[in-house]
Amino acid sequence: MEFTQEFIDGLAVNEAGVMKRIAETLSVRTDQVSVVVGLFNEGGTVPFIARYRKEATGSLDEVQIRDIEHLFSSGVNMETRRIEIIRGIFEQGKLDEPLYENILKAASLSELEDIYAPYKRKKKTRGMIAQEKGLNSLADLMLELDADTLRARAAEFIREDTEHPELSVTSVDDALQGAMDIIAERTAQDAENRADVKSFYRADGRVIVKGAGDENEKKSSVYQMYWDYNESLSQIKPHRILAINRGEREGKLEIVIDVDENTAVEKLQNKNLIHNEYHKTAIEDGLKRLLSPAVIRELRSDASDSADEHGIGVFSANLKNLLMQQPIKGTRVLGIDPGIRTGTKCACLDDTGKYLHYFVFKNDKVDEAKKAILRNIKDHNLQLIAVGNGTGTKEVQEIVTQLISENNLDVLYTVVDEDGASVYSASDIAREEFPDLDLTIRGAISIGRRLQDPLAELVKIDPKSIGVGLYQHDVNQKKLSDTLDEVVASVVNNVGVNLNTASASLLRYVSGINRQLAKKIVKYRDEKGKIASRMELLNVPGMGPKTFEQCAGFLRIPESVEALDNTWVHPENYELARLIKGTVTATGNLTANARSELKGKYAVGDATINDIFDELKKPGLDPRGAYPKPIMQKGVVTFEDLKEGMTVTGKIKNVVDFGAFVDLGIKETALAHISELSDNFVKDPMDIIKVGDVLDFKIIALDTERRRISLSRKSGAPSARAATQAVRRDSKSPALTASSRSGGAAGGERKNTTVVKKQNFNAQDDGLMYNPFAEAFKRR
């Protein structure tokens, strides 16, 4: 095959091919992928396409549409890079057919970059030098001739280059070594060889971890369980990968990837018809010197990427369930942020979350505190008290309980998780909302509001500060932020937003609306008053027709004279919706003939008609209504009140690989280990529980010294000793116990061990929450 400048210039990304691969990956039709990509190119968003373009996409759901978006972007990026590499090597005059074919076969960016790496170096590789010496033909002969004949032919390649002495071939052995270097590089660059070796190493390799310190350091290390650790590369769990990556970066752990290179060499040699030892040796050199290190780097990178995806996935699922907690609408709330040194801050809120008044009391001045709370309850007609679970919460709960009982008040109280409240109170968003209030008062407002409408309040806080992840400081931070933003946007657009009460922080997540436009909407609302209809949105500066199309259906206006403005029906379908409503009102149903007429007249399908029909039956239904309500307290419970064997009600606060952290309404957070979640085997805690679930548990162990609580949902809870041992096992590090701690696959020695230097490992250099208990119990 001849490579010409015209051929190289004509290379272009085959988007149709990318779409075809995506369709195969997601098990959808190629035309569906094409339509979604086209809608994105037209400015469509995932929520809009999923809800309002079902006929076009064949009713693909939000997850599939988002997957298409990600896969198309990454696919185009990879094909663009593939072309860049081909052009780069061509410009060097080193592009040949085998190399070109291997570049085309490369299945990942890391594989592409490994192929290209030798051509980016200023220093030439041994194979490149051998090619410049004119030894390609001898390398071809090495694949066909026996040793004696090959040596005889090698003599023909001896030559002296006076102009470039470094390109001289001085002897038969020099010629043969150059030919072997060429074959070694061909072996390493061959895509099939790489795939075979990678598959073998993944199945057979092991991760061996050693502590970098003496026994004394081991005893106090959070990485104690990894001090002499050994596990199969194919079996190691994501949270263990994150833990050892962190330990390695801190210099506390040393990692070796143990692979059987000798067997890998034999496998590659057996793939070839070998006529001489030179060819055989060249294959071994190609694997051990070039291919094996590259494959191990890729395996480690893959493992770290997979662990990142898992950690981000756990965080995302927890965040979604947290944001979907049921709001308490139409209730006037007193938000209380307990404090000791500077006093307890209280904020009175009306039923829309509007700030009314604040006051402060000292926990040790009980009578004054009761009088202040009672006065504000009466003055502002407060119906519910939200007490933060931080330091001082016990004393505040006692005051509130006594007050309600002594005055026979028709007021309830509940304990609210404070995670992120201090972050919000010191943020620019909080300063913009309440420029004249102290940050501690802003915290009390946030506590009260997150009970009234968790979604509307929690969107103001960086999701990483909310406390529903475990490995967020160890994963790729950009990917984590992007994914969590997608989760928040998904929830916001599935719930819908009240246009006249939503903050800019909430509006910016609505389909089609960015930060700047969100602020313009709020400014317009402040200057003009409540927005009367969806169509009035077009008067907001920066709101063009396309943006209006994308956002209108997700914005609700309860005050509008147009009832459809408070439903999921998009303005583009109002006329259709009115006809459907009229037909249903008149006949009680939508007949097949009526459907057919509507589809023909409005160019819609059954999906749109069904959605409108369902929405008109239950307009404005909030999907959060299906989630549990907050637990209302009846008295004060403290750690000292708990006893082993006691049954308690708790709310799932965080779900992780090894179980769930449970909020019991006290300062301390309890742990239900995965082995205690059910009488049946549980592979993944998220299969049976989620953040926000309110469940009954039995206390199976109490550690009074470290104030730790172990829970169980089993019908026959284990002994306290067994439960405590399980708890302590998991509290040593973020990972569970390994399947084995020492020895090879079968306890014997490996044939060969490859060490990958830590600078080659793909891991983010951020902090790690080593101890799940420490993380849970240090919460405010």
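A crossing of two helices is called right-handed if the near helix is turned clockwise from the far one by less than a right angle, and left-handed if it is turned anticlockwise. In this predicted model, helix α28 passes helix α29 in a right-handed crossing. Two packed helices are described by the angle between their axes and the distance between the axes. For α28 (residues 574-587) and α29 (residues 592-602), the axes come within 11 Å and cross at roughly 165°. Because of this angle, α28 is roughly antiparallel to α29. On the side of α28, the contact is made by Glu575, Leu576, Leu579, Ile580 and Thr583, and α29 contributes Ala594, Leu598, Lys601 and Tyr602. Of the residues in this contact, six are nonpolar, one is polar and two are charged.

The strands may be considered next. Strands of a sheet pair through backbone hydrogen bonds, either parallel or antiparallel. An open sheet of three strands has the order β2-β1-β3, with antiparallel pairing. Strands β2 (228-232) and β3 (253-258) each have a single partner strand, so one side of each lacks a neighbour in the sheet. From one strand to the next, the twist averages 15°. Between β1 (residues 206-211) and β3 there are six bridges, and Gly211 has Leu253 of β3 as its bridge partner. Helix α15 (residues 238-249) lies across β1, β2 and β3 and runs at about 125° to β3.

A parallel pairing is found elsewhere: strand β7 (residues 384-388) is joined to β8 by five bridges. Here Leu384 stands opposite Leu412 of β8. Strand β8 (residues 412-416) is mostly covered, with four of its five residues buried.

Terms used. Residues numbered from 1 in each chain as written. Predicted model: local features only at pLDDT ≥ 70, side-chain atom pairs only at ≥ 80, totals over all residues. Heavy atoms only, no water. Axes fitted to C-alpha atoms, helices over the stretch in contact; angles between N-to-C directions. Helix = DSSP H or I, 4+ residues; strand = E, 2+ residues; numbered from the N terminus. Parallel < 35°, antiparallel > 145°, perpendicular 65-115°, else oblique. Contact = heavy atoms within 4.5 Å. Nonpolar A, V, L, I, M, F, W, Y, C, P; charged D, E, K, R; others polar. Buried < 20%, exposed > 50% of the residue type's maximum accessible area, 1.4 Å probe, protein only. Pairing = 2+ DSSP bridges.
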